[in-house]
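Me: I've got a structure open here and a few quick questions. Can we go through it together?
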Amino acid sequence: MAHQWYVVHTYSGFENRAKQNLEERIKNLGKAEFFSDILVPTETVVELVKGKRKTSQRKIFPGYILVKMELNEETWHIVKDTPKITAFAGDGTKPVPISEKEVEEILSTMKEGVSKAKPKVSFNAGDNVRVI
């Protein structure tokens with residue numbers, strides 16, 4: 001069975017820790033052949049802090065990570081029983097893989113952010129800005 005990408009729900013703010021916990025579980029259980037990649041989608045943003053430009057990373061999908069894996073009963077339990085992970089995204093009974101096109105769009109957004117950072121806050125013509 002081929003590896004496919006799945007969206008996994010985590011505690012918000014603990015995406016990196018959930019990724020680390022899952023990687024440790026996979027290593028400890030010796031199941032690396034069933035998992036190929038774990039990704040926390042982030043993008044580079046630029047903001048002004050005290051008059052200086054600051055570049056930082058922002059999560060594209062807070063509370064979610066992407067896992068490329070071969071889904072079976074054992075791998076499902078490995079992911080589901082990992083600390084800081086709550087569930088797979090899907091219809092509730094069986095995880096649904098996302099398409100390669102969707103993954104490519106996410107990866108291109110991540111690569112685009114590295115080469116061309118975008119502003120943290122953007123304004124459009126006609127927006128009113130109130131200074132407090």
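Me: Where does His9 sit?
Reply: His9 lies in strand 1, which covers residues 4–10. Keep in mind that this is a predicted model.

Me: Is His9 buried, exposed or partly exposed?
Reply: Partly exposed, because its relative accessibility is 29%.

Me: What does His9 touch, leaving out residues up to four places away in sequence?
Reply: His9 touches Gly63, Tyr64, Ile85, Thr86 and Ala87.

Me: And Pro62, how far is that from His9?
Reply: The C-alpha atoms of His9 and Pro62 are separated by 9.2 Å. Along the chain the two are 53 residues apart.

Me: Where is Pro62 placed?
Reply: Pro62 is in the loop between strand 4 (52–59) and strand 5 (64–69).

Me: Are the two partners buried or exposed? Start with Glu15.
Reply: Glu15 counts as buried because its relative accessibility is 1%. Lys59 is at 29%, so Lys59 counts as partly exposed.

Me: How many salt bridges does the structure hold?
Reply: Three. Side chains of opposite charge can pair when their charged atoms come close.

Me: OK, what does Lys31 pair with?
Reply: The Lys31 side chain meets Glu74 in a salt bridge at 3.0 Å, N to O. This pair also links distant parts of the chain: Lys31 is in the loop between helix 1 and strand 2 (35–39), and Glu74 is in helix 2 (residues 73–80), 43 residues apart.

Me: How accessible is Glu74?
Reply: Its relative accessibility is 39%, so Glu74 counts as partly exposed.

Me: And Glu43, what's its partner?
Reply: Arg58, with the side chains meeting at 2.9 Å, N to O. Glu43 is in strand 3 (residues 42–49) and Arg58 is in strand 4, 15 residues apart.

Me: Why does Glu43 count as buried?
Reply: Because its relative accessible area is 9%, and buried means under 20%. Arg58 counts as partly exposed, since its value is 27%.

Me: Switching to the surface. Which residues gather in a patch of negative charge?
Reply: Glu100, Glu102, Glu104 and Glu105. Glu102 is found in helix 3 (residues 100–115). At 40% relative accessibility, Glu102 counts as partly exposed.

Me: Zoom out. How many helices and strands does the chain have?
Reply: Three helices and seven strands. From the N terminus on, the order is β-α-β-β-β-β-α-β-α-β.

Me: How much of the chain is buried?
Reply: 33% of the 132 residues count as buried. The accessible surface comes to about 8,900 Å², and 52% of that belongs to carbon and sulfur atoms.

Me: Last one. What share of contacts comes from residues 24 or more positions apart?
Reply: 74%, taken over contacts with a separation of 6 or more.

Note on methods. Residues are numbered from 1 along each chain as its sequence is written. This is a predicted model: local features need pLDDT of at least 70, side-chain atom pairs count only at pLDDT 80 or more; totals for chains, interfaces and linings use all residues. Side-chain values use heavy atoms; hydrogens and water are left out. Patches are made of residues with over 30% relative accessible area and no salt bridge: like charges are joined within 9 Å, nonpolar side chains (Val, Leu, Ile, Met, Phe, Trp, Tyr) within 5 Å. Accessible areas come from the Shrake-Rupley method with a 1.4 Å probe; for residues, only the protein chains shown count as cover. A salt bridge is a side-chain nitrogen of Lys or Arg within 4 Å of a carboxyl oxygen of Asp or Glu. Lys and Arg count as positive and Asp and Glu as negative; His and the chain ends are not counted. The place of a charge is taken as NZ of Lys, CZ of Arg, CG of Asp or CD of Glu. Helices (H or I, at least four residues) and strands (E, at least two) are DSSP runs, numbered from the N terminus. Buried means under 20% relative accessible area, exposed over 50%, partly exposed in between (1.4 Å probe, protein chains only). Contact means heavy atoms within 4.5 Å.
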